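My entries follow in the order I made them.

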Amino acid sequence: MVKSSASVVALPRAGDMQRKRARIAYLSLLPVLIILLFVKAYPILATIYRSFTNWDGLYKNDFVGLANYKEFFGSGLFMTLFKNNLVLLLSVPLQVVIGLVVAVLLYEQVPGWKAFRAIYYIPQIISLVILGYLFRSMFSLDGPVNKVLEALGAGASVREWMGDGSTALPIMVGCITWYSIGWQTIVILGGMSSIDPSVFEAARLDGANFFQRTFKVVLPMITSVITYCVVMAVVWTFTSLFSLIYSMTGGGPGYETMTLDYMIYEKSFVTGSQLGMACAISVVLFIIVMLITGAEMKLSDVAEKKWG
């Protein structure tokens, strides 16, 4: 029995189905892409454009070319601020290494590990403003640190610790490290959950001590997690220390503890609404963060090829 051609239902081809699904997917993403375009792309492009003007936020908006960049780099201010940022970056290896050690201790469930898991994360839930005022009061002239020094007979060492850049910056490094250990520990601990427990058992049976297990067993197996921790810590150190610096030192004395992101605030709202200059500093900061992040990713690829 032969069926008529009219009764045959034509099935859609695989290629047509794929194209239809792709169109639906793109249309579904379109609202999010439009939002991101206005929330992310437009501010970046507007900032780049404003960096070439003398914009004051209200009336002035004249094109001045590279004048803002020439003034920023020519005055020597850039090197001062960048040096301060580099000093504060010393907190990154400290917090990552300490976070790794603490994560391994918690993973191996040392005595009291449940209590320590909560204790190590406490600094992370404290506001940076509160943390800054806390450290400033601790290291003030009549603060507890100087009181302890006097009680120990080291009165000659008493000073206004936050009034000198040579002492204020190391204190800030310690504060950032203490604040960030909890976050680093949680992220690394999450990465370690993918490691087969039998690997640790084999390392113990082979006689590996704690530090050998940490740096020769765990570290090579979570290279991508460590890369993420380092990249995020560097970006955060370059872009998110305003509240801490504002509450601890206000960027002083002079520019001794001021960073690039804090100078954006200074130029915008403190020194006569130099918003064009602030935009130029923002662009410089953006380029620096992108270059450092790219270099870190390249080094991570080399490390993964070597260890992985």
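**Helix α8 against helix α11**

I began with the crossing of α8 and α11, which is right-handed. A crossing is right-handed if the near helix is turned clockwise from the far one by less than a right angle, and left-handed if anticlockwise. I took helices as DSSP runs of H or I with at least four residues, numbered from the N terminus.

This is a predicted model, so local features need pLDDT of at least 70 and side-chain atom pairs count only at pLDDT 80 or more, while totals for chains, interfaces and linings use all residues. Residues are numbered from 1 along each chain as its sequence is written, and side-chain values use heavy atoms, with hydrogens and water left out.

The axes of α8 and α11 come within 10 Å and cross at roughly 150°. Axes here are lines fitted to C-alpha atoms, for helices over the stretch in contact, and angles run from 0 to 180 degrees between N-to-C directions. The two helices, α8 and α11, are therefore roughly antiparallel to each other. That term covers angles over 145 degrees.

Next I listed the contact, meaning heavy atoms within 4.5 Å. From α8 I noted I176, Y179, S180, W183, Q184, V187, I188 and G191; they meet V225, I226, Y228, C229, M232, A233 and W236 in α11. By class, the contact of α8 with α11 has twelve nonpolar, three polar and no charged residues. For these classes, Ala, Val, Leu, Ile, Met, Phe, Trp, Tyr, Cys and Pro are nonpolar, Asp, Glu, Lys and Arg are charged, and the others, Gly among them, are polar.

**Helix α4 against helix α11**

I then looked at α4 (residues 91–107) and α11 (residues 223–239). Their axes come within 10 Å and cross at roughly 145°. The crossing of α4 past α11 is right-handed. On the α4 side I found S91, V92, Q95 and V96, which meet I226, V230, A233, V234 and T237 of α11. This contact of α4 with α11 divides into six nonpolar, three polar and no charged residues.

**Helix α9 against helix α10**

α9 (residues 197–205) packs on α10 (residues 210–221) at an angle of about 155°, with the axes 11 Å apart. α9 and α10 are therefore roughly antiparallel to each other. V199, F200, A203 and R204 of α9 make the contact with R213, V217, V218 and M221 of α10. I sorted the contact of α9 with α10 into six nonpolar, no polar and two charged residues.

**The core**

Which residues have the most contacts inside the largest nonpolar core? They are F72, M192, I222, F238 and L260, in a core of 62 residues. Such a core is a set of buried Ala, Val, Leu, Ile, Met, Phe, Trp, Tyr and Cys residues joined through side-chain atoms within 4.5 Å. Helix α8 (residues 165–192) gives the largest share of this core, eleven residues.

Leaving out residues up to four places away in sequence, F238 touches F82, N85, L89, L260, D261, L285, I288, V289 and I292.

Is α13 (residues 260–270) largely enclosed or open? Eight of its eleven residues are buried, so α13 is largely enclosed by the rest of the structure. Buried means under 20% relative accessible area, exposed over 50%, and partly exposed in between (1.4 Å probe, protein chains only). I listed the buried residues of α13 as L260, D261, Y262, M263, I264, E266, K267 and S268. Just after α13, G272 takes a positive phi of about 80°.

P253 sits in the loop between α12 (242–248) and α13. A cis peptide bond joins G252 to P253, with omega about -5°.

**Single residues**

T227 lies in helix α11. At 13% relative accessibility, T227 counts as buried. T227 touches M297 and S300, not counting residues up to four places away in sequence.

V148 is in helix α7 (residues 144–151). V148 is partly exposed, with a relative accessible area of 47%. I read a C-alpha separation of 9.5 Å between V148 and V158, ten residues apart along the chain.

W161 is in the loop between α7 and α8. At 17% relative accessibility, W161 counts as buried. Its contacts, leaving aside neighbours within four places in sequence, are F139, V145, N146, L149, T167, A168 and I171.

Terms used. Angles under 35 degrees count as roughly parallel, over 145 as roughly antiparallel, 65 to 115 as roughly perpendicular and the rest as oblique.
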